[in-house]
Amino acid sequence: MGGVAFDGVVFDGVVFDGVVFDGVVFDGVVFDGVVFDGIVFDGVVFDGVVFDGVVFDGVAFDGVVFDGVVFDGVVFDGVVFDGVVFDGVVFDGIVFDGVVFDGVVFDGINFRIDKLLFFLV
């Protein structure tokens with residue numbers, strides 16, 4: 001799926017399985033209880049997006065920009081971040097399990113959590 005822009009859309013309880021998002025822009029979108037399984041995000045922009053109770057399982061982020069994004073109660077399991085920019089992002093109550101960070105930029109990050117769990121592979 002490419003060349004698409006989602007503005008202010010709410011995805012509630014949706015399961016995305018095996019989709020490739022290429023050059024998609026998510027602006028002000030809310031993902032609530034969404035599962036991303038085996039997804040590829042390539043050159044995607046997340047601007048002002050909220051991820052609430054989302055699960056990323058076996059997901060690849062390549063050249064993605066997260067700008068002003070909130071991750072609340074999110075699980076990252078077997079996720080690869082390659083050339084990703086996190087700018088003004090809030091991580092609240094997240095779990096990283098088997099996550100790879102390669103060439104990632106963190107700028108203005110806020111970890112609002114009691115305990116940050118990293119399970120390295």
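Rings of Phe, Tyr and Trp (its six-membered ring) pair if their centres lie within 6.5 Å; planes under 30 degrees apart count as stacked, over 60 as edge-to-face and the rest as tilted. By that rule the structure holds 37 aromatic pairs. One of them joins F51 and F71: the ring centres are 5.0 Å apart and the planes stand at 5°, so this pair is stacked. F51 sits in strand 10 (residues 50-52) and F71 in strand 14 (residues 70-72), so the pair ties together parts that are 20 residues apart in sequence.

A word on the source. This is a predicted model, in which local features need pLDDT of at least 70 and side-chain atom pairs count only at pLDDT 80 or more, while totals for chains, interfaces and linings use all residues. Residues are numbered from 1 along each chain as its sequence is written, and side-chain values use heavy atoms, with hydrogens and water left out.

Now the whole chain. The protein chain has 0 helices and 23 strands. Both kinds of element are DSSP runs numbered from the N terminus: helices are H or I with at least four residues, strands are E with at least two. The radius of gyration is 13 Å, close to the 14 Å that the globule rule gives for 121 residues, so the chain is as compact as a globular protein of that length. That radius is taken over C-alpha atoms, and the globule rule is 2.2 Å times the number of residues to the power 0.38. Along the principal axes, the C-alpha atoms fill a box of roughly 35 × 25 × 25 Å.

Next, the sheets. Two strands pair if DSSP finds at least two bridges between them. An open sheet of 6 strands runs in the order 2-6-10-14-18-22, with parallel pairing. Strand 2 (10-12) and strand 22 (110-111) stand at its edges with a single partner strand each, so one side of each is left without a neighbour in the sheet. Inside this sheet, strand 14 and strand 18 (residues 90-92) pair in the parallel sense over 3 bridges. V70 stands opposite V90 in strand 18.

Another open sheet has 5 strands, ordered 4-8-12-16-20, again with parallel pairing. Its edge strands are strand 4 (20-22) and strand 20 (100-102), and each pairs on one side only. Strand 16 (residues 80-82) pairs with strand 20 in the parallel sense over 3 bridges. The bridge partner of D82 in strand 20 is D102.

Of the 121 residues, 31% count as buried. F51 is buried at 1% relative accessibility, and F71 is buried at 0%. A nonpolar core is a set of buried Ala, Val, Leu, Ile, Met, Phe, Trp, Tyr and Cys residues joined through side-chain atoms within 4.5 Å. The largest one has 36 residues, of which F31, F41, F46, F51, F56, F66 and F71 touch the most other members. Contact means heavy atoms within 4.5 Å. V74 lies between strand 14 and strand 15 (75-77). At 0% relative accessibility, V74 counts as buried. Leaving out residues up to four places away in sequence, V74 touches F51, G53, V54, F56, G93, I94 and V95.

Note on methods:
Buried means under 20% relative accessible area, exposed over 50%, partly exposed in between (1.4 Å probe, protein chains only).
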